[in-house]
Each structure stands twice: as C-alpha cells, then as structure tokens.
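Please keep the structure open while going through them.

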Amino acid sequence: MTLDGPAPARLYQQVFRHWRDAIASGRLPAGARLPAVRELAARHNVSLTTARRVVEELHAGGWIETRPRLGLFVAQPRQPGYPSPAGQPAPVSIATLALRLFEALRDPAIAPFGSPFIDPAWLDIAGVNDHLRRAVRKFSPARGLTDLPPGHDALRQQIVRRALHHGFRLQQDELLITCGAMEALNLALKSVARPGAVVAVESPAFYGMLYAIEANGMQALEIRTDPRTGLDVDDLAQALGRHRIAACMLMPSLQNPLGAIMPAAARARLLALAGEHDFAIIEDDAYRELLPPGGSPPPLKHHDSDGRVLYCGTFAKAFSPAPRIGWLAAGRHTETALLHKLMNTLSTSIPNQMAVASYLRDSRPDRRLARLRDTLASNRARLADTVRRHFPAGSEVNTPAGGFFLWVTLPLGCDTLAHYPKALAAGVSFVPGALFSPSGRFGHCLRLNAGFALDEPVLARLAEVGRQLQAG
C-alpha cells in the first residue's frame, strides 16, 4: 500500500506563513514596515490577487495594520482585555448554561453564529450517507464480535493513513474508536484522573472539556492562554510549583475558542514539563482537517516518547457529523481507556465505523477539503470585517489561520450573557464568553461561527447586534 505524503501548501499559504512566522518570531518587530501589495507580488513572484489575499489574511489575523497614506505595518501584540487566571483550582458548573444556550440552535429562524457546527450543505453528507447505506447492507452478526473495542480494524488503519497524510504518526494498537470526540475526551479524562483531581485547562477553554471535568467531579485550574500562541507554558510551569496536576487538557492547533496555534518550541517544553512533573496530556485535535497544509506543527502525540499523551480526534468537523465517529490514541493508558469504553457504551456503531472506513479509502476527499478551507477563510474575513465596522469601539476580533470560529473581545463592562436574549430577538445566536471559563472571566467576550452562508441579510442582523452592544 502506498501512503500519501503531507499535502502541499498552496502558494498564498507559503507566502502568508513566511510573513506570519517572521512576525511571530520577532524578526519583524511591531511597527516594522511591510512591502506594499505590488512589491510583495514582485518579491515572491506571485500574482497581485495572491499578494492581496496574503495581506488580507495577515490583516484578518491581527498580524499587520494599515496606516492611511503610509502603508502596511506590523501590528502591536494584542493584550487580551481580561484579568489573569486566579491561580487556584475550582469546581466547574456550566452544564445548565450550556443547555439553555443550545436550545436556540434548534430554531431555523435564528442565524447560527452560536453553532458549534459547519453548515451540513458544505460537508460531504451525501457521500458519507452512501457509504452508510452500503455498510448496513454488508453488516453481519459476526461483525458484532470482531469489531468490538478497540474497533473496526479497517477504520483504525485509515486513521493511521490519514495521520501520515498530515505528516505525523499514530500507532494503530493505541487507537480506540469512540462515539464522537466528546466520548474520546471523557474516556481520556477517566483514564488519568479521579474525582477531586486537579486538571489544568486553557483559559478560555473549550466548554466540552470543562463539562467533562464537571461531570467527572474534578477541579479545573485555568492557565493563561494567548490568542495567537495558545497555552502559556510559563504560566503552567508556575502552577506546577503550587499544585499537583493530574492532567493538562488542551487544543494546541486551532484552539477553541481562540483559534490559536501553539508553536513547536512551546509544545516541546510542555512535553518536557509533563515528563518532569509526571502528568498526562489530553490533546484535542478536532480541527486538524480544517488547517491549511503546513499550517500547524505536528500534534504533541507525534513526539510522545513515553505514552503520556492521550490524543483525541474526529472526522465530524470535515466530512459529516452523522456517523458520530471519534477516536482516542491513549498511549500507556490504552488498557484503562478500553475498559472504560467497554463499561460505558460497549461499542461504537459498527456499521458507522465500516462506512467511515470505506469513505476514507474510496472518496479521496482532499480536493473538496481544499475548497472548504478556502470558503471558510473568505467567511472568516467577511465576518471579522463586520465585527470591526459595527461592534463597539475597542472591540478586538481574533481571526485564526483555519477553522470556522472567531473570538471577539468587547470593552470591559460589556456583558454578553446579559445581552444574549436581545440578540436572539434580533434573530442571532452567539456563544457568550462565560461558557468558556469556570470562573466566568470572559463575560465581555463571545464566540462566532463563520461556517455557514453569510449573505447580506444575515450580516445585517449581526451588525444590528453590534449596534445594540454599543448602545448598552
């Protein structure tokens, strides 16, 4: 079998990363002047259209700014408008709030800026459904035994193959097929920590992680997280001097909700800290397929030499949510995770596993994924522009290099949770920042979804919400 190599980066992505990395590394300091669009095109031997897109992406991500009549300059590093974490572990209580907010997602009249999903019309629902129908016809009672956990061998092989396509390694004998990524996170957490244990999390953190901590009776310790570079390893190192941490849960690539991408050096230091202080790392890589080729370092799992990283993934964000297929590569905790799986849900739907395996084998999805990533990039830029033009002065929008979420920081004093009912009345949902922190530190922030059709009437509704926020 011939294995695919990493997908090549598109030309604009190569040029974009050249300038982004120069800024992120400090080789181009804040205030440094960048070449104009025509000069950029000539320097890299690309078209004006490509050069303009590079500038748009750098601007949307907050890397550069335009000064009228002067040109393009490296922007000052963003200073998130919220206080540092308290530094003490705390119980989590977000379940009731999450249920209340998700009720709005069922109403088709509400623009789903608060949704955690991409518009199904943009995914290959029909293709996956075709494989589901075939799998149901092929299913036999014998499969009910041979494909019990750890799961359908052909699917586990395809997950390993897909990882190699993205330039990193997974071991098939570590892979456990789960009922979506959330079960993978819960199994990982149960495998490494007991009730009452302290779990380090990003701040802000994906609310699914917070709920897993809540449901398992553990405590969350918030670690400062940068909108560009992710979890602050220095802050974690200081916390390790004060607390016994059982695990660190994080999203190093396209962190939800910030969209941050953790640099390779920070990932290496985190792995070293985990070895030194003997804690597990639970890595959620749910958005890997939505990253541009070469847009992120390999997962932490790729460099895991002693099996302490528990790696969680899913295809639901890029292909179809219908089969509810996720996976966990549990390292040294594989046997414990397998036992929890058997005692929890016994088995992930076997026809669904068969369908995803044959879909990955036969569909060759990368051309469609490239179109999807381009569409999402355009939507992120349009959505960020709407926020900048219509939200209160001083608002900041963090636009990531991939995925479909934007994180908006409003001026201190704004209360996005209190404003939520007004937004619903205007036909708009969003996710208030309070849902991303057990201590409620992000009450003046919100997350927006760019993964659906942003026609002018929909953007006009969001603009109206921005005006309401300005009016208080």
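1. With which residue does Glu183 form a salt bridge? The partner is Lys341, and the closest N and O atoms of the two are 2.9 Å apart; a salt bridge here is a side-chain nitrogen of Lys or Arg within 4 Å of a carboxyl oxygen of Asp or Glu. Glu183 lies in helix α8 (residues 180–192) and Lys341 in helix α12, so the pair ties together parts that are 158 residues apart in sequence. Both Glu183 and Lys341 are buried, where buried means under 20% relative accessible area, exposed over 50%, and partly exposed in between (1.4 Å probe, protein chains only). Helices (H or I, at least four residues) and strands (E, at least two) are DSSP runs, numbered from the N terminus.

2. A word on the basis of these values. This is a predicted model, in which local features need pLDDT of at least 70 and side-chain atom pairs count only at pLDDT 80 or more, whereas totals for chains, interfaces and linings use all residues. Residues are numbered from 1 along each chain as its sequence is written, and side-chain values use heavy atoms, with hydrogens and water left out.

3. Salt bridges elsewhere. A search of the whole structure finds 24 salt bridges. In one of them Asp232 meets Arg224 at 3.7 Å, N to O; Asp232 counts as partly exposed at 24% relative accessibility, and Arg224 is partly exposed as well, with a relative accessible area of 32%. Salt bridges that share partners also join Asp278, Asp306, Arg308 and Arg332 into one network.

4. The sheet around Arg67. An open sheet of three strands has the order β1-β3-β2, with antiparallel pairing; two strands pair if DSSP finds at least two bridges between them. Because β1 (33–34) and β2 (64–67) stand at the edges and have a single partner strand each, one side of each is left without a neighbour in the sheet. Strand β3 (residues 71–74) is joined to β2 by four bridges, and the bridge partner of Arg67 in β3 is Gly71. The side chain of Arg67 also meets that of Glu65 in a salt bridge of 3.3 Å, N to O, and Arg67 lies over the face of Phe73, at 4.1 Å from the ring centre. A charge sits over a ring if NZ of Lys or CZ of Arg is within 6 Å of the ring centre and within 35 degrees of the ring normal. Arg67 is partly exposed, with a relative accessible area of 30%, and Glu65 counts as partly exposed at 30% relative accessibility.

5. Strand β5. Four of the five residues of β5 (residues 175–179) are buried. This strand pairs with β12 (residues 325–329) in the antiparallel sense over five bridges, and within that pairing Leu176 has Leu328 as its bridge partner.

6. Aromatic pairs. The structure holds 13 aromatic pairs, counted when rings of Phe, Tyr and Trp (its six-membered ring) have centres within 6.5 Å, with planes under 30 degrees apart taken as stacked, over 60 as edge-to-face and the rest as tilted. Tyr207 and Phe436 form a tilted pair, 5.5 Å centre to centre with 50 degrees between the planes. Tyr207 is in helix α9 (residues 207–215) and Phe436 in the loop between β15 (431–432) and β16 (445–449), 229 residues apart; Tyr207 is buried, and so is Phe436. The rings of Tyr287 and Phe404 have their centres 6.0 Å apart and their planes at 70 degrees, so that pair is edge-to-face, and both residues are buried.

7. Ring pairs link Phe206, Tyr207, Trp407, Phe436 and Phe442 into a cluster. Among the buried residues of α9 are Tyr207, Gly208, Met209 and Leu210, and the helix is followed by Gly217, whose phi is positive, near 70 degrees.

8. A point for α16. Glu464 is in helix α16 (residues 456–471) and is partly exposed, with a relative accessible area of 33%. The C-alpha atoms of Glu464 and Pro195, which are 269 residues apart along the chain, are separated by 45 Å.
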